[in-house]
2 protein chains.
Amino acid sequence: MIDETKARNIIEPKVLKGFRDTLPAMEIQKKAIISKLETHFSSYGFVPIDTPVLEYTEVLLGKGGGETDKQIFHFKDNGEREVALRFDLTVPFARFLAMHQNELAFPFKRFHIDKVWRGENPQKGRFREFTQCDFDIVGADNAAADYEILSMMDSSFSLMGVSDYTFYIAHRGLFNAFLEHLEVQDKSVDILRTVDKLRKIGNDAVKGLLVDITGSEDKALKILQFITKEDESESFLSTLHRLSDLSGHEIEHTQRMEKIYEYLTAANIEKHFVYDPSITRGLDYYTGIVYETFLTDLPNFGSVCSGGRYNDLASLYTKEKLPGVGSSIGLDRLLAALEELNSPILKSGSSADVIVFCLDDQLRSWYDSLARTLRKAGLRCDVYMLDKKIGIQFKYAETNHIPFGLTCGSEEFASNTVTLKNLLTRETHKMIPIEDAVTLIQRN
Amino acid sequence: MIDETKARNIIEPKVLKGFRDTLPAMEIQKKAIISKLETHFSSYGFVPIDTPVLEYTEVLLGKGGGETDKQIFHFKDNGEREVALRFDLTVPFARFLAMHQNELAFPFKRFHIDKVWRGENPQKGRFREFTQCDFDIVGADNAAADYEILSMMDSSFSLMGVSDYTFYIAHRGLFNAFLEHLEVQDKSVDILRTVDKLRKIGNDAVKGLLVDITGSEDKALKILQFITKEDESESFLSTLHRLSDLSGHEIEHTQRMEKIYEYLTAANIEKHFVYDPSITRGLDYYTGIVYETFLTDLPNFGSVCSGGRYNDLASLYTKEKLPGVGSSIGLDRLLAALEELNSPILKSGSSADVIVFCLDDQLRSWYDSLARTLRKAGLRCDVYMLDKKIGIQFKYAETNHIPFGLTCGSEEFASNTVTLKNLLTRETHKMIPIEDAVTLIQRN
């Protein structure tokens, strides 16, 4: 086989490890979801931006390096510049803000749905090329902005047809104050990374690591206690006030959180929000609320939407202080979850609502005019391209999940009518006016 | 300045040469156009696919190399694989077809709108990262498929609100037959590239080059005569038949073209199509119709949409013969043209239809409930995030091109009404029910 390929000078068609094509049925679904989210974000006054896929490596990595460094696709371009593919949409956004702050109206509310690349080892459901969906508000450090992000997360998941979901939320400021209280704030980066693993590795393992980091069994226990709810029924505000006490009464953080909860309650969506002190997010740059999202029916699926407040993100690139709060949905993972949940939002992935079959190639111009009429009525209409047996044409419609077909020959042409077939039920309406066919298809 | 930046350890925010950010007002326009085109293509039964941005260099370059080789962004990834960013959407599509032909229904009609990258030297209006919009029909080598691509091009431009445009079309098979007739077919690649420059460099320069290539003044003159219309008024079919005679009566090509013209005429869109024998397209792989598109009001803008029939494209990757016909719109260039033409399709780029101003921060939950009501009515509604002076809030609305604002304080809250202001005309409706505000905004 390989020899024959070589002999014919044929290149083996293949994609890179961790990369993949998307076939039409899936891409139709993905585009439908992206379009729904974009319309939804726009309804809140959020606006889209675009940034280059390729940036200076130095700009993307900033002070980062380390773990991220190994994961990114970077190289020298033809002009010997060190360049890299973006590994998230947050860093390019920070760079964008620093460059364009004088051209934007603040508070600036933007969304960005696009691909990012990471060289990590591909696992089930993890790819080296994947789509992120980010939305942020920059220039407002208040409860109103925090609330709006949470509110938009809630309405987005409701829109996705997910029956039940919970946002686990905490305040990183309280946790930071607590660490200061314990006099371990200089180890906060390591502590954060460890605490972030709680769901994965469990209490005992986390405790062991915390003892190693803090050098104190007592401090490790206290941290573990801080990130654990008293019991499952503890209310949002009870948890908040208990943690506030443990952190040394951080009035500002506590009041912010109370205000956010007041807004959530006024909007009648507070039931989806749980104060979970174990949520800290591994990343160093969060300063206020942090959150993760879990689907009730897929508890082991992991977080499908997370983020928080970062009040210093663009400081890598500008002296201006630009406080932000935002959230990120892993779109490919959400799509996989929706598939697993048989979400009603996922349509059949049909390529068209109706197809005009070709019974007589001489009538092609007429078929085309029928198609134009159907399209004008807002229907997606395919016309079968080839002069083939009707069985082959039916097979084509089936593969494309097209629910209706017009089977029209010289009789229909002569009487200016059409014959409409429901391709699932095989129900047939013979020689009816095209307007009636439109109604029947639309009614489906 | 540089020293200060270094001292503060700030990274200069910048993008690579030939790359650019897109600000909201422009990105809103671009997304609106892409969405219109996608809906339009779907109405013909075309389906979207997606392919990786990064591919094996060998797969993308195929037998190519040369000019293309220098222009692509390629590098070794962490696994020492030779990889490259795609430079068009056609080559990945050919690879996709070869890999997935057993999972697809043929004729396969797909569209793909996404970014591609080329390292060519940036010029005015030319970037190293740009968006292509491709649509193709594969698996149908007949006039019906050729016509459908042309028909969809025509309706797409009509949809874009471009007042006048012309598709210049020719048949590459006739030109190839003519070159064979002249016994210069072995030089066809060079001849094609030369003829393709006719609009840019003019008759005399092309003639000179053709003499060099063919080594014959007579042959150069004959080629130049072939690619020149007798006069501007020569009709589509007259040109076709004259060229058919010159090529030695290629019945099959001539009949195909006659059939296509018959379909165009039946659809009443033939007036947008001109047979122009100088259109040959520089690329070697075309075998049938070829075309370029010019906007009547921007004659020097160059072609904004071009393509043709290629009956052997996937042959690099598969033994299956997959005949195709397709077209490609340079989306960034189209957008620039629409801007220059003040096309009515370009909206204001407003971030929202209405904004709720913050007159009293204590009323924020009520403002939020007003916003929810407006969104439910299908309006895009922003809420001003901060507790700032009203002048600053008006400025925010202006920068975002938001046409309406609600200015509501305790009086409105107490009476459950709103005050609506048209932010352009300053016309104000005091203390009206929210339903009336919805109607007034929608009527605008």
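Trainee: Why is R118(A) called partly exposed?

Mentor: In this predicted model, R118(A) has a relative accessible area of 24%; buried would require a value under 20% and exposed a value over 50%, so R118(A), with its 24%, is placed in between and is called partly exposed.

Trainee: Where is R118(A) placed in the chain, and what does R118(A) touch beyond its neighbours in sequence?

Mentor: R118(A) lies in the loop between β5 (108-117) and β6 (129-138) of chain A, and, leaving aside residues within four places in sequence, its contacts are Q71(A), F73(A), F87(A), D88(A), R128(A) and F130(A). With F87(A) there is also a side-chain reach to the backbone oxygen, at 2.9 Å.

Trainee: Which residues does the "binding site" annotation cover?

Mentor: The unreviewed UniProt entry lists D88(A), L89(A), T90(A), R118(A), Q132(A), D136(A), R281(A), Y285(A) and Y286(A) under that name, and such an annotation may be inferred rather than shown by experiment.

Trainee: What makes the pairings of R281(A) with E292(A) and with S306(A) polar contacts?

Mentor: A pair of N or O atoms within 3.5 Å is needed, one able to donate a hydrogen and the other to accept it. The side chains of R281(A) and E292(A) are joined at 3.2 Å, and those of R281(A) and S306(A) at 3.3 Å, so both distances are within the cut-off.

Trainee: Why are the two copies described as related by a two-fold rotation axis?

Mentor: Chain A is superposed on chain B by a rotation of 180 degrees with 0.0 Å of shift along the axis, at an RMSD of 0.1 Å; the copies are thus related as by a two-fold rotation axis. The C-alpha of chain A nearest that axis belongs to F75(A), at 3.0 Å.

Trainee: How do you know that the copies meet through the same surface?

Mentor: Of the interface residues of chain A, 100% are also interface residues in chain B, so the copies meet through the same surface. The contact takes 101 residues from chain A and 101 residues from chain B.

Trainee: How much area is buried between the chains, and which three residues of chain A supply more of it than any other three?

Mentor: About 8,700 Å² is buried between chain A and chain B, with 61% given by carbon and sulfur atoms. I11(A), L16(A) and M385(A) are the three, supplying 9% of the area that chain A buries against chain B.

Note on methods: Residues numbered from 1 in each chain as written. Chains lettered and ligands numbered in written order. Predicted model: local features only at pLDDT ≥ 70, side-chain atom pairs only at ≥ 80, totals over all residues. Heavy atoms only, no water. Helix = DSSP H or I, 4+ residues; strand = E, 2+ residues; numbered from the N terminus. Buried < 20%, exposed > 50% of the residue type's maximum accessible area, 1.4 Å probe, protein only. Contact = heavy atoms within 4.5 Å. Least-squares fit on C-alpha atoms with pLDDT ≥ 70 in both. Buried area = accessible area lost by both parts, 1.4 Å probe.
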